[in-house]
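Q: Pick one part of this model and walk me through it up close, please. I'd like the geometry first, then what surrounds it, then whatever comes next along the chain.

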Amino acid sequence: MNPSFLDGIIWSRPWLASVRATGEAIVQTSDWRLELNRRVAELGVRNHRDLPIQFVAQSDLPAGLAYEAFISQTGCVPTRDNLHDFFNALVWLTFPRIKVQLNALQAREIERAAVENTSKPRGKLRDAATIFDENAVLLLTARSELVQALRAHEWEQVFVKRRNDFVQDCEVFLFGHALMEKLVAPYKAITGHAWIVTLDMPDVALAAADADVRQWIDITVTRQLAQGLSTADFSPLPVLGVPGWWPDQDDAFYRDVSVFRPKRRSLTPDVPCLGNVQK
């Protein structure tokens, strides 16, 4: 019998579209861990050292060894009995190339810090990779003007005046597993970090339930990440503001400045650093 923490997931929520089919199937099996490992083996997912990915108990992680380094060295992903790690495993099954690339970036930074014997081992790249892993929202669009408005926090322009354009020409895919966990009990202020994926063709049909679309995203974003990333690459996105993702999205909904905040006028990025995030 599967644990009760899985019972609270409402799979019909629009933000779970990309992991819905896999997640629903897994929770209906008698052993979710066994099914996760069966599926990841079937997909043939291997890390950047060509080691097969498998989900193991948290107790397998040696004391003092970083979570990301352990995955890099062994291919084993420590997985606890909670929503956070369950969603993490689902993302491994859905966007495996991106997960492998993020782990490779983290592992290289850990190795670099060890060689340099630095007192600040995380650094900006690890912070950015952690933000992506935990909280990223993949926004696919060919409409550069909508991207510009989003980056400028022009929420009325994005979600009210240009709402039809957003619905027709943008697709949003959740990636961050911490974000998925928060949205099991949704509240208006939940904010993701939007990562922009530019489409060459404005009329490309995209659907989160389409496996070919997810594979294209997986390949495309992995190539982007191979070029590097920083916290400045993200743009805040209140996820329940995405058209159709929450009821009563009237003008007043988007005028709530405690959630849809104006852009800060400063020289520092408006995307927060997560600091020493513990897995």
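Predicted model: local features only at pLDDT ≥ 70, side-chain atom pairs only at ≥ 80, totals over all residues.

A: The span you'd expect of a helix is 1.5 Å times one less than its number of residues. Residues are numbered from 1 along each chain as its sequence is written, and side-chain values use heavy atoms, leaving out hydrogens and water.

So, the geometry. Helix α2 has twelve residues, and from its first C-alpha to its last it reaches 17 Å, close to the expected 16 Å.

Now for its two sides. W32, E35, L36 and V40 are the buried residues of α2 (buried is under 20% relative accessible area, exposed is over 50%, and partly exposed is in between, with a 1.4 Å probe and protein chains only). Look down the axis of α2 and these buried residues fall within an arc of 130°, so they line one face of the helix; the arc is taken over directions from the helix axis to the C-beta atoms. The general rule behind such faces is that an α-helix has 3.6 residues a turn, so residues three or four places apart point the same way. Turned away from the buried side of α2 is a face with the exposed residues L34, A41 and E42.

What sits over the buried residues? The cover for those of α2 includes helix α1 (20-27), strand β1 (54-56) and helix α4 (83-94), where contact means heavy atoms within 4.5 Å.

Moving along, the loop between α2 and β1 holds L51. With a relative accessibility of 26%, L51 counts as partly exposed. Leaving aside residues up to four places away in sequence, L51 touches V45, R46, S72, Q73, T74 and G75. Of these, take Q73: Q73 and L51 are 22 residues apart along the chain, and their C-alpha atoms are separated by 8.2 Å.

Of its 279 residues, 51% are buried. Among contacts with a separation of 6 or more, 71% come from residues 24 or more positions apart.

Technical notes. Helix = DSSP H or I, 4+ residues; strand = E, 2+ residues; numbered from the N terminus.
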